[in-house]
Amino acid sequence: MEGVSVRKIKKFCVFCGANSGKDVAFVNAAFHLGEVLGKRKIDLVYGGGKLGLMGCVSTAVAQHERQVLGIIPSAFTVNNLVGETCGKEIKVATMQERLVMMMELSDAFIALPGGFGTLEELFQMISWAQLSIHNKPIGVLNINGFFNGLLSFVDHAVKQEFITPRARKILISATTADELVDKLQAFRFESDPALSKLKWSPSSSQKEKLDLTLRL
């Protein structure tokens with residue numbers, strides 16, 4: 001983006017459905033996002049397995065010879081429930097541990113269409129950004145208006161003064177993968193002066209556990 005300084009994003013975390021959805025456009029967009037990341041030499045962090053849109057985006061990134069890391073709860077690996085992860089895999093004990101590791105190992109986050117799990121992951125990252133736990137960009141790829149209702153709800157919450165205009169800027173949206181990646185690279189985090197004073201840090205035991213996992 002000419003005239004705009006951009007951050008260097010090396011790893012995108014993508015949240016999306018383990019189903020493919022009703023509209024084939026969702027599948028096509030997931031594959032295209034993976035291609036865009038691969039061509040831009042950006043690696044992928046995702047929830048592991050090969051089901052639905054998760055399998056589409058991870059396969060496309062891997063086909064462009066970029067690193068793919070799946071972070072998956074051990075419960076999902078029993079009886080090959082979600083299929084084989086495309087790339088490296090880290091098994092964790094809980095869903096919360098999975099999300100924390102995704103946050104730690106990624107430079108930015110994108111949500112594709114999905115269900116409750118995708119929405120939980122998206123809003124958890126937004127909430128953590130609002131609390132200054134991280135300052136990484138977050139966006140939704142609004143394919144065929146999938147997120148229109150959600151974006152309208154967020155704007156309604158702003159009007160009702162439950163979300164501040166500053167916090168609203170945390171959530172970015174675009175209708176194409178290239179546009180969204182460009183917006184996220186140009187994003188500049190604006191923290192709340194009060195919330196930015198909060199001190200967030202993992203315990204030493206958590207740090208040691210994460211370091212050990214990454215060395216394995």
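A salt bridge is defined here as a side-chain nitrogen of Lys or Arg within 4 Å of a carboxyl oxygen of Asp or Glu. The structure is a predicted model, in which local features need pLDDT of at least 70 and side-chain atom pairs count only at pLDDT 80 or more, while totals for chains, interfaces and linings use all residues. Residues are numbered from 1 along each chain as its sequence is written, and side-chain values use heavy atoms, with hydrogens and water left out.

Lys136 occupies the loop between α5 and β6; helices (H or I, at least four residues) and strands (E, at least two) are DSSP runs numbered from the N terminus. Lys136 is buried but forms no salt bridge, the nearest side chain of opposite charge being that of Asp107, 5.4 Å away. Buried denotes under 20% relative accessible area, exposed over 50%, and partly exposed the range in between (1.4 Å probe, protein chains only). For charge, Lys and Arg count as positive and Asp and Glu as negative, whereas His and the chain ends are not counted. A polar atom of the Lys136 side chain lies 2.5 Å from the backbone oxygen of Met103, and the backbone oxygen of Ser106 lies 2.6 Å from a polar atom of that side chain. These are polar contacts, that is, pairs of N or O atoms within 3.5 Å; within protein, one atom must be able to donate a hydrogen and the other to accept it, and residues adjacent in sequence count only if both atoms are side-chain atoms. Leaving aside residues up to four places away in sequence, Lys136 has contacts (heavy atoms within 4.5 Å) with residues including Arg7, Glu104, Ala108 and Phe109.

Asp43 belongs to strand β2 (residues 43-46) and is buried, at 9% relative accessibility. The side chain of Asp43 reaches the backbone nitrogen of Gln67 at 3.0 Å. Beyond four places in sequence, Asp43 also touches Lys10, Lys11, Phe12 and Arg66, among others.

The largest nonpolar core contains 34 residues, of which Phe12, Val14, Leu33, Leu37, Leu44, Ile110 and Leu112 touch the most other members. Such a core is a set of buried Ala, Val, Leu, Ile, Met, Phe, Trp, Tyr and Cys residues joined through side-chain atoms within 4.5 Å. At least two residues of this core come from each of β1, α1, β2, α2, β5, β7 and α8, and α1 provides the largest share, eight residues. Apart from this core lies another, of 28 residues, which includes Ile71, Met101, Ile138 and Ala167.

Helix α8 (residues 177-186) has as its buried residues Ala177, Leu180, Val181, Leu184, Gln185 and Ala186. Among the elements that cover them are β1 (11-15), α1 (24-39), β5 (108-111), β6 (138-141) and β7 (171-174). An α-helix has 3.6 residues a turn, so residues three or four places apart point the same way.

Most residues other than glycine have a negative phi. Glu65, however, has a positive phi near 60 degrees; Glu65 lies in the loop between α2 (52-63) and β3 (68-73) and is exposed, with a relative accessible area of 74%. Ser132, in the loop between α5 (116-130) and β6, likewise has a positive phi near 60 degrees.

No disulfides (pairs of cysteine sulfur atoms within 2.5 Å) are present in the structure. Cys56 is buried, with a relative accessible area of 8%, and the closest cysteine sulfur, that of Cys16, is 8.1 Å from the sulfur of Cys56, too far for a bond.
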